[in-house]
Amino acid sequence: MQLTKAEAAGKIMVALDYPTTDAAAALVQALRGIPCWLKVGMQLYYAAGPSFVAQLKEQGYAVFLDLKLHDIPNTVKGASEVITRLGVDLFNVHAAGGVRMMEAALEGVDRARAGSAGGAPPQVIGVTQLTSTSRETLNEEIGIAGTVEDCVVRYAQLAHRAGLSGVVASPLEVQAVKTACGRAFRTVTPGIRPAGAEAGDQSRIMTPQQALACGTDYMVIGRPITGAPDPREALQSIIEELV
Ligand SMILES: O=c1ccn([C@@H]2O[C@H](COP(=O)(O)O)[C@@H](O)[C@H]2O)c(=O)[nH]1
C-alpha cells in the first residue's frame with residue numbers, strides 16, 4: 001500500500017514519556033505541523049494531569065491516553081466515564097482483566113456520552129502482552145504456557161468478544177490478531193525500532209517498514225524520536241521510510 005506523508009504520519013503515535021509538562025510541551029512544539037498522534041502515558045499524566053490532555057486536544061491532536069486500566073469492573077467503568085469526558089480519541093484497559101471488565105469500560109464510555117452534547121466517543125482497546133515480555137518471561141515468570149503469539153491472540157479474542165475496537169500488541173502478532181479477530185479490529189503496536197536503534201527494554205520489535213508490511217494500524221514510537229538529537233528530523237525520517 002502506497003501512503004502519502006500525511007497518511008504515514010497519521011499512523012504514528014509519538015509517546016510523550018516525560019516527567020514534566022514543560023519537557024512534553026517542548027517536544028510537541030518541535031513536532032508542530034506534523035499530523036501524527038500523541039500518546040500520553042502514566043508518567044506524563046501523573047505529572048501533568050487532565051489539563052495537559054486538554055491542551056493537546058485544543059491544538060488539534062488525536063490523543064491516545066495510555067493508562068492501561070486494570071481493576072474491578074465497577075472501578076474501570078467509573079474511570080472510563082471520566083476519561084471519556086477528557087475528550088481523548090483512544091484509551092486502553094488490560095485484557096487480562098477479563099471480558100466483564102472490558103465491557104464495563106465501554107459502559108463507562110456510554111454513561112459519559114449519555115450526558116454529553118455529542119462528539120465521537122473514544123475507541124477502547126485492550127492491552128495483550130506488553131511488548132517488553134519475552135517468551136521466557138511469559139512461561140517462566142508469569143506462568144503462562146505456550147507462545148507469546150498464542151497468548152496475545154487469546155487476549156485479543158477476549159477484547160473482541162467484549163466489543164473493544166482493537167488491541168495493543170507487538171507488530172509480530174498483527175497478522176495472527178487480524179486472522180483471529182478480523183481486519184477491522186485495530187492493532188496498535190509499540191515495539192517499533194528503526195534499523196540500528198537500541199531495543200532497550202523492548203523484547204518484541206520490528207522496524208517501521210516491517211510493521212507496516214505486517215498490516216499494523218498504528219505504530220507507537222517513543223525513544224527513537226524523543227531520545228534523538230533532533231526529534232523532528234527523527235520523526236520525518238521514519239515517515240519517509242513509510243511512503
Ligand atoms: O505493550 C506495550 C504497551 C505500551 N507501551 C508503551 O509504548 C511506548 C513505547 O516507547 P518506546 O520508547 O518506543 O519503547 C511507551 O510509552 C510504553 O509505555 C509499550 O511499549 N508496550
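Of the 243 residues of the protein chain, 42% count as buried, a label given when 20 or more other C-beta atoms lie within 10 Å of a residue's own, with exposed meaning 12 or fewer, partly exposed anything in between, and C-beta atoms placed from the backbone. The structure is a predicted model, in which local features need pLDDT of at least 70 and side-chain atom pairs count only at pLDDT 80 or more, while totals for chains, interfaces and linings use all residues. Residues are numbered from 1 along each chain as its sequence is written.

The secondary structure of the protein chain comprises 11 helices and eight strands; these are DSSP runs numbered from the N terminus, helices being H or I of at least four residues and strands E of at least two. The radius of gyration, taken over C-alpha atoms, is 17 Å, close to the 18 Å from the globule rule for 243 residues, so the protein chain is as compact as a globular protein of that length. That rule is 2.2 Å times the number of residues to the power 0.38. Along the principal axes, the C-alpha atoms fill a box of roughly 45 × 45 × 35 Å. Among contacts with a separation of 6 or more, 68% join residues 24 or more positions apart, a contact being two C-beta atoms, placed from the backbone, within 7 Å.

Five of its seven residues are buried, so strand 3 is largely enclosed by the rest of the structure. Strand 3 pairs with strand 2 (residues 37-41) in the parallel sense over four bridges, where pairing requires at least two DSSP bridges. Within this arrangement, Lys39 has Phe64 of strand 3 as its bridge partner.

The UniProt record, an unreviewed entry, lists Asp66, Lys68 and Asp71 under "active site"; its positions follow the numbering used here, feature names are shortened, and annotations may be inferred rather than shown by experiment. Lys68 lies in strand 3 (residues 63-69) and counts as partly exposed because it has 16 C-beta neighbours inside 10 Å. Beyond its neighbours within four places in sequence, Lys68 is in contact with Asn92, Val93, His94 and Val127. Asp71 sits in the loop between strand 3 and helix 4 (73-85) and, with 15 other C-beta atoms within 10 Å, is partly exposed.

Turning to the ligand, 14 residues surround it, the closest being Ala15, Thr131, Pro190, Gly222 and Arg223; the criterion is a C-beta atom, placed from the backbone, within 6 Å. This shell divides into seven nonpolar, four polar and three charged residues. Here Ala, Val, Leu, Ile, Met, Phe, Trp, Tyr, Cys and Pro count as nonpolar, Asp, Glu, Lys and Arg as charged, and the others, Gly among them, as polar.
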